[in-house]
Amino acid sequence: MSYTPVSAVVITFNEERNIARCIESLLPVSDEIVIVDSLSTDKTKEICLQYPVRFIEHPFEGYIEQKNWAMEQAKHDYILSLDADEALDEDLQKQILSIKRNIQYDAYRMNRLTNYCGRWIYHGGWYPDRKIRLWNKKKGKWGGINPHDKVMLSDNSKVKQLKGNILHYSYYTIDEHYRQIERFTKIKADAMFEKGIRVRFFRKYAAAFVKFLRNYLFRWGFLDGKEGLIIAYLSAGATFKKYHLLNKKWKTSRLLK
């Protein structure tokens, strides 16, 4: 029976609150753990060096760019990627250990379960939130539009769904969610502008309204209580702000011509 080694890869920046939990969940299933840090100013490095990891400092180039650079630092072909605020649950750990003894697929997809302000969120489009997080780096790399990166596989790649969950400890407070929206909507608008994407003025209103209805009603976000309402409201607001910033950038570019 063959055995396939796996490199776990994590990018970090000021993740002292989360990184230990992430690393400890990877230790049982990984043959190496590579941490690529964007010059953190908190205790992230100190915490990481308490574990058997390869800690590399590299200036941040964008989420997609940073993750692809980090992937290339790994020794093994199969990459297991987590964000610093994520961890593998026990069922997923068992699944990964099992398939390592006889890997038959190019990539493996996993469910992600998010904890929002202390509550696990099962509705509103937030679960199962399937993502490819274990794959052969010869068959795929990170792509998408920053900051919403995703693994892009080559044609005819074979993919299998695994049991268990990636546990995502997203926001500890609503204020953190607000701050993330401010940062991510600007990054997304900039990336869309660079790709030449345009949207009609009224779309920001329609898209935000549809986003709220879909997540809160049609995807049963109301079953997650007040947190479900807050998530639906803020997600709709983020959609509005993203398109508003994009329209503003196009208007500014026209004035500068």
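# Exercises on salt bridges, cores and cysteines

Glutamate 86 has a relative accessible area of 0% and is therefore buried (buried means under 20% relative accessible area, exposed over 50%, partly exposed in between, with a 1.4 Å probe and protein chains only). The model is predicted: local features need pLDDT of at least 70, side-chain atom pairs count only at pLDDT 80 or more, and totals for chains, interfaces and linings use all residues. Residues are numbered from 1 along each chain as its sequence is written, and side-chain values use heavy atoms, with hydrogens and water left out.

**Exercise 1.** Find the residue that forms a salt bridge with glutamate 86, and state which parts the pair ties together.

Solution. 
- Step 1. A salt bridge is a side-chain nitrogen of Lys or Arg within 4 Å of a carboxyl oxygen of Asp or Glu.
- Step 2. The partner of glutamate 86 is arginine 112, and the closest N and O atoms are 2.7 Å apart.
- Step 3. Glutamate 86 lies in strand 5 (residues 86-88) and arginine 112 in strand 6, so the pair ties together parts that are 26 residues apart in sequence. Strands (E, at least two residues) and helices (H or I, at least four) are DSSP runs, numbered from the N terminus.
- Step 4. Arginine 112 is buried, at a relative accessible area of 12%.

**Exercise 2.** Describe the salt bridge between lysine 139 and aspartate 106, and say whether each residue is buried or partly exposed.

Solution. 
- Step 1. The N to O distance between the two side chains is 3.0 Å.
- Step 2. Lysine 139 is in the loop between strand 8 (131-136) and strand 9 (140-145), and aspartate 106 is in the loop between helix 4 and strand 6, so parts 33 residues apart in sequence are tied together.
- Step 3. Lysine 139 has a relative accessible area of 31% and is partly exposed; aspartate 106, at 11%, is buried.

**Exercise 3.** State how many residues the largest nonpolar core has, and which element gives the largest share.

Solution. 
- Step 1. A nonpolar core is a set of buried Ala, Val, Leu, Ile, Met, Phe, Trp, Tyr and Cys residues joined through side-chain atoms within 4.5 Å.
- Step 2. The largest one has 29 residues, and Ile19, Leu26, Ile35, Leu80 and Leu88 have the most contacts inside it.
- Step 3. Elements that give two or more residues to this core include strand 1 (6-12), helix 1 (19-26) and strand 11 (159-171).
- Step 4. Helix 1 gives the largest share, four residues.
- Step 5. A second, separate core has 17 residues, among them Val9, Val34, Met71 and Ala74.

**Exercise 4.** Count the disulfides, and find the cysteine sulfur nearest to that of cysteine 22.

Solution. 
- Step 1. A disulfide is a pair of cysteine sulfur atoms within 2.5 Å.
- Step 2. By this rule the count is zero.
- Step 3. For cysteine 22, the nearest cysteine sulfur belongs to cysteine 48, 8.7 Å away.
- Step 4. Cysteine 22 is buried, at 0% relative accessible area, while cysteine 117 is partly exposed, at 27%.
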